[in-house]
Amino acid sequence: MQGELEQLKSEILSTIAEVESCEREERMARVRLMEVSRDFQAYSEEDIKQAYEEAHRLQVQLSALREKEKQLRHRRDELERHLKQVESIARKAEGLVDRINMVLKMLKGNVGVITGHLEEANKKQQLGLWVIQAQEEERRRISRELHDGPAQNLANIVMRLELMERLWDKDRERVRRELAELKEVVRQNLSDIRRVIFDLRPMALDDLGLVPAIKRYLADYAQKYDMEIDFLFFGEERRLDLAREVAVFRLIQEAITNVRKHAGTDRAQVKLGIAPEKVTVVIKDEGCGFDVEAVREGKKESFGLLGMQERVGLFGGKFRVKSAPGQGTQVIIEVPLEREGEGNGQGKSAYRG
């Protein structure tokens with residue numbers, strides 16, 4: 001992490017130098033643009049066009065570089081905070097080890113029990129570190145998506161609007177063409193922003209409930225990644241408490257993502273059942289399969305499974321994975337429900353999505 005931080009600082013210095021160089025070029029381009037704008041008669045149409053295009057290009061480039069510098073500084077600050085957190089965890093872990101060693105000396109006759117507790121504590125500590133890393137990686141992903149998509153597009157829109165202001169009295173037809181193109185850019189921008197918002201928190205889950213939100217998510221996911229996902233629902237379609245709805249939704253998200261990334265197949269089946277006493281989810285594929293125990297012992301590689309198991313465990317549920325090389329995979333999840341205060345039922349149903 002310290003090495004990554006030093007590399008990031010070096011990249012920031014390099015970007016600052018790029019920004020300063022681009023600012024100088026942009027100022028010169030604006031001066032050139034003012035010269036040709038003051039005296040259209042002294043310059044050819046091609047000279048004027050080149051001056052406008054060069055100024056526009058440098059403005060867009062400068063905006064992108066400034067945004068890049070801002071994001072790099074933000075990443076540096078996040079990494080520095082993250083590094084302090086990890087160092088604090090490491091110090092606490094060292095103190096914990098010292099205390100445990102003392103306890104082990106006092107309880108030599110009960111080494112087996114103490115060892116079990118140590119392994120469990122180490123697993124939880126490792127999971128905590130993985131969770132921190134996953135959160136940071138998710139922040140970086142969202143930052144990249146916003147920077148490479150909406151931020152760049154908005155900067156481009158501003159530049160093109162400024163150009164249209166100058167052309168309004170000179171070339172109305174070109175302004176109309178530019179407006180038509182900008183309309184499509186704005187629509188695409190809106191679509192990108194909605195997708196990022198959905199990844200953070202699916203609004204359909206709040207508005208429609210668990211079953212419609214899952215059905216819509218799987219349909220969109222199948223279309224986006226060219227997959228065939230069969231959705232089956234059994235039982236009573238009703239609202240659950242918010243924590244359980246979010247947990248079940250995220251578990252299905254994680255499982256379907258694992259199918260796409262690791263199963264080597266474009267087909268999957270999701271079964272969801274809501275009974276009075278529990279929610280049952282089965283995600284099945286006929287892909288390449290894997291050795292469950294070998295993956296779990298692979299520690300970091302099993303973070304997805306371990307995270308899902310921990311999420312189910314928070315509700316006192318059961319989490320099982322059935323798989324073998326060449327025989328596909330089944331993920332079976334059971335989350336218990338309270339019998340009262342779970343919302344109104346909407347009738348029993350079983351449908352295929």
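Q: Which residues does glutamate 26 touch, leaving out those up to four places away in sequence?
A: This is a predicted model, by the way. In it, glutamate 26 touches Leu58, Gln59 and Leu62.

Q: And where does glutamate 26 lie?
A: In helix α1, which covers residues 2-38.

Q: Is glutamate 26 buried or exposed?
A: Buried: its relative accessible area is 8%, and the cut-off for buried is under 20%.

Q: OK, switching to rings. How many aromatic pairs does a search of the whole structure find?
A: Three. One of them is tyrosine 217 with tyrosine 221, with ring centres 5.6 Å apart.

Q: How far apart are tyrosine 217 and tyrosine 221 along the helix?
A: About one helical turn, since they are four residues apart in helix α6, residues 210-225.

Q: What about tyrosine 221 and tyrosine 225, how do those rings sit?
A: They form a tilted pair too, 4.6 Å centre to centre with 45° between the planes. Both are in helix α6, again four residues apart, or about one turn.

Q: Is tyrosine 221 buried or exposed?
A: Tyrosine 221 is buried, at 7% relative accessible area. Tyrosine 217 is buried as well.

Q: And why does tyrosine 225 count as partly exposed?
A: Its relative accessibility is 31%, so it falls between the 20% limit for buried and the 50% limit for exposed.

Q: Which residues form the aromatic cluster?
A: Tyr217, Tyr221, Tyr225 and Phe249 make up one cluster.

Q: What sits over the ring of tyrosine 225?
A: The charged end of arginine 260, at 3.9 Å from the ring centre.

Q: Zooming out, how many helices and strands are there in the protein chain?
A: Nine helices and six strands.

Q: How much of the protein chain counts as buried?
A: 34% of its 353 residues.

Q: What share of the contacts comes from residues 24 or more positions apart?
A: Those account for 73% of the contacts in the protein chain that have a separation of 6 or more.

Technical notes: Residues are numbered from 1 along each chain as its sequence is written. This is a predicted model: local features need pLDDT of at least 70, side-chain atom pairs count only at pLDDT 80 or more; totals for chains, interfaces and linings use all residues. Side-chain values use heavy atoms; hydrogens and water are left out. Helices (H or I, at least four residues) and strands (E, at least two) are DSSP runs, numbered from the N terminus. Buried means under 20% relative accessible area, exposed over 50%, partly exposed in between (1.4 Å probe, protein chains only). Contact means heavy atoms within 4.5 Å. Rings of Phe, Tyr and Trp (its six-membered ring) pair if their centres lie within 6.5 Å; planes under 30 degrees apart count as stacked, over 60 as edge-to-face and the rest as tilted. A charge sits over a ring if NZ of Lys or CZ of Arg is within 6 Å of the ring centre and within 35 degrees of the ring normal.
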